[in-house]
Amino acid sequence: MPKRTRFTTWRPLATAATAALTATLLTPSAAQAAPRESLPVHSYDDAVREAVWVDTGLDEDRDGTTDRVAVDIVRPREPAQQGRKVPVIMDASPYYSCCGRGNESQKKTYDADGDVVQMPLFYDNYFVPRGYAVVGVDLAGTNRSDGCVDVGGRSDVQSAKAVVDWLNGRGTAYTTRTGTERADADWTNGRTGMIGKSWDGTVANGVAATGVEGLETIVPIAAISSWYDYYFSQGAPLYDSGPEWLSHYVESPDARARCAAVQDELVDGAPRTGDWTPLWSERDYVRAAKKVRASVFLVHGMQDLNVRMQHVGPWWDALAKNGVQRKIWLSQTGHVDPFDFRRAAWVDTLHRWFDHELLGYDNGIDREPVADIERSPDQWVTSAAWPPRGTHTATLRPDRGTEPGVGTLGLRRGGGTETVTDDPRHSETDWAAGIDTPTPDKAGFVTGPLTRDLRLSGSSRVTVTAASSTPTAHLSAVLVDLGPDTVRDYADDGEGITTLPDRTCWGASTAGDSACFKETRAKTADVGHTIVSRGWADLGHHAGTGHGEPLTPGKRHTLTLHLGATDHVVPAGHRLALIVAGTDRGLIDPPADTPTLTLDLARTSAQIPFVGGTAAFARATAGSHAEARDTALDGVRRPAVTAHRVPGEETR
């Protein structure tokens, strides 16, 4: 996309005449020279800062009155004085007081009247001078809001949906938390865009899935699309706790005192068995994708091991099926905001996206490539569609090699069996590093060195037929690029970035709200292998009914593991590997038993989306033969094991 000039300091326009002229150009219905970009013509110093409390219509804390959520607003003063209405950019979050937002963990601050002084992140600094209102909503049960946190359920979603309704004249708000004086949103045209990272972006997904009128676009960053898939993967537990821990983590002290009933419902509705329950149905936005009216600009890290890539593929595909306008960025990072891995391009693109979606400007962003993909640190490519046209699934088959657990991967059906004994001490990084060495805890299947580049794009599936020696067993399937590379170090504390002391500024500042943020750079690692995609499952959930069952030792079962979406090029000279194993340390919890799994290779396969399909794989492996290697292929070190991950936990 064309490069634009970016100023790092705020420069007010010299004259009121210039401001008035540009303000006219900001009106989409201007008779001449339709505008292509909103400009910073409004005073940030003089912006209106106010708070209202929107009635959600729910009584989650069971106190006999409906819950009100706090809504902090920063909006330009001039449009209302000129009789013009403005669109809204909204970030609804549970983190504004407990944990903070962004790489610097900013929290809301207030003046003596209770009006917001610092609104976290750059959105208000940048967009308010350009004619947008920025709204920060405290989810029910957090900060200054009533109600209870229900972790993605109706309370979370209604917290923000009620605000969209109010902005569009369908809801009720008050000037205080307990008073009766009503507040009107007569300053907005109701056109709303929701944005946010992690839990915030998850709420945006949930609100969009209600089909609420007035929500024009959402920008979910590293967001959850189904809460079941945050806590489980096909029955395998990802963490040693459920949503009740997370709600307690973010709730205000007042909410904790009055929300015991909601806590109990979260415990009862999310059993650690991994079974599907009505609680998960309520929190599955993919199933409601047919209701989505808003456009979606999705951003995710392909190495995000907190909100994993399993949240991208099903949501993206469901939106496509229902004709939703979409755009996507996929980075090499972990759980990181694009403001911290591609800042200038992000601000420019987000600006143009909101101008197009909320102001109606014909700036061409809807005609640009749908996907931006980080191919190597700070090196990006684009695709007109994602996955690219011409992507087709190829079925690859594992086969035995000359040593136990060291096999081959190709198009011809294999035979025989391999055995894997679960070892919870080991992870995908251990398995990949020792891919060419027989070990009892994994079975690896490898192509020969590729003769040309091979691109994977989309979601893979691995179908495994296995018998367990015990009544419980977990399975992991991992795709690996075997070969040297330099990648973002997603296992580092920064998950692929290093924070620098220098600051750059993105919009206007006040004494209480600076537009200047610490810069970052890519944190890289030189590796001998790269994990491309992963998936996990509990073999007891093989029937696909949503309910697990004890296994009969020795009985074979077939189960298809759904791996996270990705976009990765395996270069010529590298090898592609499929690993099947048990517990993936740090990424799933181990089963109750320590099983030995016997894999039936004739009934095991991998369905992988290649650009060019089966023919591309055949060309890339033609004349190639598997080779024995003695050298350990180091990757990034194993990510730190975290018992409780928080979907908005910020990069440090």
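Is F122 buried or exposed, and with what relative accessible area? In this predicted model, where local features need pLDDT of at least 70, side-chain atom pairs count only at pLDDT 80 or more, and totals for chains, interfaces and linings use all residues, F122 is buried, with a relative accessible area of 2%. Residues are numbered from 1 along each chain as its sequence is written, and side-chain values use heavy atoms, with hydrogens and water left out.

**View A. The ring pair of F122 and F127.** These two rings form a tilted aromatic pair, 6.5 Å centre to centre with 40 degrees between the planes; rings of Phe, Tyr and Trp (its six-membered ring) pair if their centres lie within 6.5 Å, and planes under 30 degrees apart count as stacked, over 60 as edge-to-face and the rest as tilted. F127, at 0% relative accessibility, is also buried (under 20% relative accessible area, with exposed over 50% and partly exposed in between, for a 1.4 Å probe and protein chains only).

**View B. The ring pair of W227 and Y231.** This aromatic pair is stacked, with 6.4 Å centre to centre and 25 degrees between the planes, and both W227 and Y231 are buried. Ring pairs link them into a cluster whose members include Y95, W199, Y228 and W280.

**View C. The contact of α4 with α5.** Helix α4 (residues 154–167) and helix α5 (residues 199–208) pack at an angle of about 75 degrees, their axes 9 Å apart (helices are DSSP runs of H or I, at least four residues, numbered from the N terminus; axes are lines fitted to C-alpha atoms over the stretch in contact, and angles run from 0 to 180 degrees between N-to-C directions). The two helices, α4 and α5, are therefore roughly perpendicular to each other, a term for angles of 65 to 115 degrees.

How values were computed. Angles under 35 degrees count as roughly parallel, over 145 as roughly antiparallel, 65 to 115 as roughly perpendicular and the rest as oblique.
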